Each structure stands twice: as C-alpha cells, then as structure tokens.
Amino acid sequence: PRQNSRRNSQDSIQSTAENPRILITENVILSDIKKAPPEVYRSGPFVYADVLDYKNLRELVVNNRITWLVHYSALLSVVGEANVALARKINITGLHNVLDLALESCLRLFVPSTIGAFGPSSPRDPAPDLCVQRPHTIYGVSKVHAELMGEYLHHKYGLDFRCLRYPGIISANTQPGGGTTDYAVQIFHDALSTGHHECYLRADTRLPMMHIGDCHRATVEFMHAPECQLSLRTYNIAAMSFTPEEVSTEIRKHLPHLKVTYNPDSVRQTIADSWPVRFDDSNAQRDWGWKSTYGLEELVSDMLSTIHDKKTNAGLPVS
Ligand code: VAH
C-alpha cells in the first residue's frame, strides 16, 4: 500500500461497518498483466505490471512510493505441471525480481505459500510449520524456494519478508485458476447452473480449505503484526478441511438435487494425495492471534448466496 505517513498507514486498515469480517484497505494499487473485471477498476487504482519486467516494476515502486509489495504472481499446481518452463520463469525468476526490488527499494514484502509446499514425505495430519518439505510439483518447489529465499534475506539483510501458507482458497468472485483445489469452487457454480458436478478427485480426498474473506483478513492482520511477535517468517494458516463428499452434502442442505459424479484424474489425484490433510496453525494463533471465522456451513451458505446474486444480476439462469 502507498502511504504518505505512519498515521495514514495505521488508518488505512479499517473494518467495514456492515461486515466486520471484511477488512478494507486504502492506498492500495492493484496490478496485473491482463485486464481485470470492471468492478476491480471501480475499487481503486489499477496498473499494468509484468513480474518478469524489472524496469516496469521499479518504475511503479518509485513513482508511487510503494512501501509494501504483496506478490501473488504464480502458476498454480496443475497449470505448472503442464508448463514447467513457464512456471519456473514466473514463480522463480519473477520472485527474484520481487526480492531484488524489495532490497533495492526497502520494501516490506508479503509472498503467499501454500499447502502445495509440502510433499508425500511431509507429516500430513496435521502438517506443522517446520518439517520435511519435498513437494512433487514445480509449484510446490518454487514456493519452498520462496520461503527459504525470503527467510535468508530477512536474516542476512533484515528484509521484512512475511509469508503465509494458504489452504485451497474458495472465492465466489474468481474463476478456478488451474489448481488442484479448483473443484471446491467449480462445484458451487455447477450446483447453481446444471445441478451436476463431475469431480476429478475421489470422494474421500480431504484437503485444507479457506474462505477468501478469512484469507484476506489473515493476510492484512499478519502484515500489521508487530515484528517482535513473529517467531517465524512463514506460517501455516488453517480454517477447515473437507472432502468432496462433505462439501456436496452441505450444499444439498440448500440444493437437494445436486448430483455429483466422481471421475478421478490421475494427475490431480496424485498431487492432492501428496498434500497435507490438515494444517497445524498453532504458531499463527499464538504469535499474532490468528483465528478463522468461516467454517464449512458458513462457506457454503456465503458461496451459494453470492454466486446466486451475481448470476441473477447478470440475467443468467440459476437452478
Ligand atoms: C492449487 N489452489 O490448487 C492452489 C493452491 C492450495 C493449493 O495453492 O494449486
């Protein structure tokens, strides 16, 4: 976020009156390499940025007096396996650009990691913050690299690097992005349109998941946590873990006719089977007071009502 003064940065994070769960932030410049949906342009400044173009990034930082850089550019697990060379460029070379820029411009840096940073030899139920990490995807390898590089630069140069390992993030406002957890977003759209979802994972595949509202709030609260409270640079954050069968059963409480068929895809099932079943986030709870607010019931209710309203407003049929 761009800030003109310390006071301004403290005032820039406020809870909205109508929904204390959503922390809004001012002085934020959103960026991407492609056009954003119209509502993003209405929410505040939006600029073009290419994580592989160091000069472009430096100009944005210098011209806008950026102080925090929140770095989300990455190819996710499934698309990464389909294009390893591109995933390595975006997820690793892009990361190095961001790290170099953070050091050069004295930025504070948030980089997300993921349940995908663990592998089949990691403890899975639960996975702690510190354990063996030998992921079997380029996505996971690149995120372990990000965690280690950020921690190294913190200890060597004092870089304020902060990292949260996200579960599968469930949002009504973004389409699935080529990840292994995509089914957990698509099932809501299918439930409200065709009434049928074909799941590419086995019915009993349990994965850590989180509502986007908790993800945003965790990130903002962690960014504001006093340095002296942080015993780690990278933390797991948890909210819930569910299987396709469990989320389908919860959706049927609202839409009884939902039909789910299971057609496991070997690539995505193998990736899912190598990831944690549950996260241990006790360090985040202790160090900076992390606490989730959305469970499975709240997530399903919010996703169905939000997608229903978006479809209705767009004049699309809903089942
Ligand atoms: C993926 N949604 O499935 C992403 C995420 C928790 C996994 O990083 O690849």
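Analyst: In the side chain of Thr181, an N or O atom lies 2.9 Å from a nitrogen atom of the ligand, which falls within the limit for a polar contact, a pair of N or O atoms within 3.5 Å. Of the 280 Å² of accessible area that the ligand has on its own, the protein covers 91%, with areas taken from the Shrake-Rupley method and a 1.4 Å probe. This is a predicted model, in which local features need pLDDT of at least 70 and side-chain atom pairs count only at pLDDT 80 or more, while totals for chains, interfaces and linings use all residues. Side-chain values use heavy atoms, with hydrogens and water left out, and residues are numbered from 1 along each chain as its sequence is written.

Around the ligand, counting residues with a heavy atom within 4 Å of it, are Leu76, Ser77, Thr114, Ile115, Tyr139, Pro167, Gly168, Gly179, Thr180, Thr181 and Trp275. This shell divides into 5 nonpolar residues, 6 polar ones and no charged ones, where Ala, Val, Leu, Ile, Met, Phe, Trp, Tyr, Cys and Pro count as nonpolar, Asp, Glu, Lys and Arg as charged, and the others, Gly among them, as polar.

Note on methods:
A polar contact is a pair of N or O atoms within 3.5 Å; within protein, one must be able to donate a hydrogen and the other to accept it, and residues adjacent in sequence count only if both atoms are side-chain atoms.
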